[in-house]
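Let's take a walk through this one together. Have the sequence and the 3D view open, and follow along.

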Amino acid sequence: MGINTNDLVREDGGVQDRRIYWDEDIYQMELEKIFARSWLFLTHDSLIPNPGDFTTTYMGQDRVVVSRGQDGKVSAFINSCSHRGNMVCRADSGNAKNFVCSYHGWTFGGDGGLTNIPLEDEIYSKPVDRKIFSLRQARVESHRGFLFGNFDENAPSLKDYLGDMAWYFDTFMDAPGGSELLGPPMKMRIKSNWKFFVENFIGDFYHAGWTHAAAVKVIGGPLTAVLGNQAVPEGFQFAAHNGHGFNAAPGNDEVFPHIHQGETARMYEEWLRSRKPAITERLGEARARIYNAIWDGSMFPNTSFLRGIDTWKVWQPRGPHEVEVWTWTLVEKDMPDELKEGIRHTNEKTFGPAGILEGDDGENMEGNTGVNEGFVTRQQVLNTEMGLGSETTNDDYPSLVSEPPDNEAAHRNFLRMWRAMMAAKDWDEVMASRSKGA
Ligand code: FES
Ligand SMILES: [Fe+2]
């Protein structure tokens with residue numbers, strides 16, 4: 001293709017060639033080098049709890065079925081029949097022992113294994129090779145019920161891939177009782193490159209007081225204190241190994257920075273307050289301090305979340321200029337049902353397809369992307385130098401920590417991982433370049 005991907009992002013991550021948000025060839029490389037080699041979010045245990053439960057999703061642009069076998073083990077496999085390619089499952093979710101292709105009836109088991117071919121003895125001269133023509137499986141691993149898939153046999157384990165991010169995730173995923181997602185996911189398409197959204201969530205506190213100024217006024221409540229008046233908020237930005245990162249702006253025993261309203265807000269605050277002692281005991285002071293924070297974060301490459309708004313998202317890429325946003329609601333399992341429903345409604349109103357905040361962001365992301373149709377425009381570069389050099393280490397918190405959270409350290413960290421993966425021929429090379437501080 002003749003593109004040196006190392007030239008597309010400056011070594012420190014602070015400057016980018018705009019073609020990474022526009023170019024079809026670069027996008028095709030991303031599908032190969034990033035999406036086919038990274039751990040990608042599939043679903044949560046709570047959404048496929050029983051044997052035979054399945055859901056369909058995407059890993060990059062590869063359609064996959066995620067299915068819980070009769071033995072309880074979760075498999076993920078390519079949703080494309082090995083006869084002539086048709087999808088073997090067209091439903092979003094359900095319960096099935098087998099997946100029968102609608103074209104000629106080839107049948108696949110709950111792990112994608114080819115189990116039956118109609119009239120095989122009569123019309124095939126020899127049996128079809130079950131090994132070659134079973135559906136390609138992805139590796140599936142779980143972090144506290146959050147299920148991820150990876151097509152690369154040589155990728156590190158999910159645990160190593162998450163690294164310090166797992167420690168941070170456990171602030172809510174390993175809270176007593178754990179966390180879960182409410183589904184099915186809401187879905188919509190936006191004409192944005194997928195990376196702009198990942199970056200917006202990974203560490204863009206900066207935009208919130210400006211982009212969302214009007215919406216935050218309408219929503220009101222404790223979030224206004226954090227985002228409402230263009231002030232620099234207190235808190236941290238974390239840049240974790242392997243490109244993950246997030247912001248956390250903690251409250252205190254009086255102030256809980258979240259976006260819920262009315263009775264949901266009251267129940268939410270009561271919940272956080274009542275849980276604090278157990279969280280401190282289980283997870284320690286440092287994580288208890290950020291337990292009641294408002295968080296925005298992304299896990300490399302395309303999963304994002306917000307705590308205090310309690311949304312969980314995957315930015316499914318649909319070409320270089322479009323993304324399909326899948327949105328679940330993030331709750332703690334032991335929350336009362338009424339509180340879970342209240343949180344679901346907040347998520348629908350703010351980050352669902354008609355969400356007041358999603359709309360604000362979407363307008364900007366479409367702007368970021370669409371302007372690059374201009375040939376001269378896309379020869380220019382973009383900037384993520386905010387807080388460059390401010391990254392430091394902290395005795396209480398692992399990874400690189402920056403203060404305040406108005407910073408682009410997490411963007412740069414994400415983009416350095418992007419650069420490392422695009423250039424590396426395999427995971428050994430990715431790890432070698434990352435350990436040199438790439
Ligand atoms: S394409 Fe699936 S059975 Fe023929
Ligand atoms: Fe936003």
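Which strands does α14 lie across? Bear in mind as you look that this is a predicted model. The helix lies across β13 (236-239), β14 (245-249) and β20, and runs at about 10 degrees to β13.

Those strands belong to something you can trace by eye. Eight strands form an open sheet, in the order β12-β18-β17-β16-β15-β14-β13-β20, with antiparallel pairing. At the edges sit β12 (179-190) and β20 (400-402), each of which pairs on one side only. Going from one strand to the next, the twist averages 15 degrees. For a closer look at the pairing, pick β15 (residues 294-299) and β16 (residues 303-307): they are antiparallel partners over five bridges. Here Asp296 stands opposite Leu306 in β16.

In general, nonpolar side chains of soluble globular proteins tend to be buried together. In this model the largest nonpolar core has 89 residues, and Phe169, Trp295, Trp312 and Trp418 have the most contacts inside it. Helix α14 (residues 409-423) turns up again, giving this core its largest share, seven residues. At least three residues come from each of domain 1 (40-142) and domain 2 (164-435). Click on Trp312 to see who is around it: leaving out residues up to four places away in sequence, its contacts include Phe41, Phe146, Phe169, Met173 and Leu181, and Trp326 and Trp328 are also among them.

Is Thr56 buried or exposed? Thr56 counts as buried, because its relative accessibility is 12% and the cut-off for buried is under 20%. You'll find Thr56 in strand β3 (residues 53-59). A polar atom of the Thr56 side chain lies 2.7 Å from the backbone oxygen of Ala91. Neighbours within four places in sequence aside, Thr56 is in contact with Val64, Val65, Asn79, Cys89, Ala91, Asp92 and Trp326.

Thr393 is found in the loop between β19 (381-383) and β20. Why does Thr393 count as exposed? Its relative accessible area is 63%, and exposed means over 50%. Setting aside residues up to four places away in sequence, Thr393 touches Ser399 and Leu400.

Methods. Residues are numbered from 1 along each chain as its sequence is written. Chains are lettered from A and ligands numbered from 1 in the order in which they are written. This is a predicted model: local features need pLDDT of at least 70, side-chain atom pairs count only at pLDDT 80 or more; totals for chains, interfaces and linings use all residues. Side-chain values use heavy atoms; hydrogens and water are left out. A nonpolar core is a set of buried Ala, Val, Leu, Ile, Met, Phe, Trp, Tyr and Cys residues joined through side-chain atoms within 4.5 Å. Buried means under 20% relative accessible area, exposed over 50%, partly exposed in between (1.4 Å probe, protein chains only). Helices (H or I, at least four residues) and strands (E, at least two) are DSSP runs, numbered from the N terminus. Domain bounds come from an automatic or database domain assignment. Contact means heavy atoms within 4.5 Å. Two strands pair if DSSP finds at least two bridges between them. Axes are lines fitted to C-alpha atoms, for helices over the stretch in contact, and angles run from 0 to 180 degrees between N-to-C directions. A polar contact is a pair of N or O atoms within 3.5 Å; within protein, one must be able to donate a hydrogen and the other to accept it, and residues adjacent in sequence count only if both atoms are side-chain atoms.
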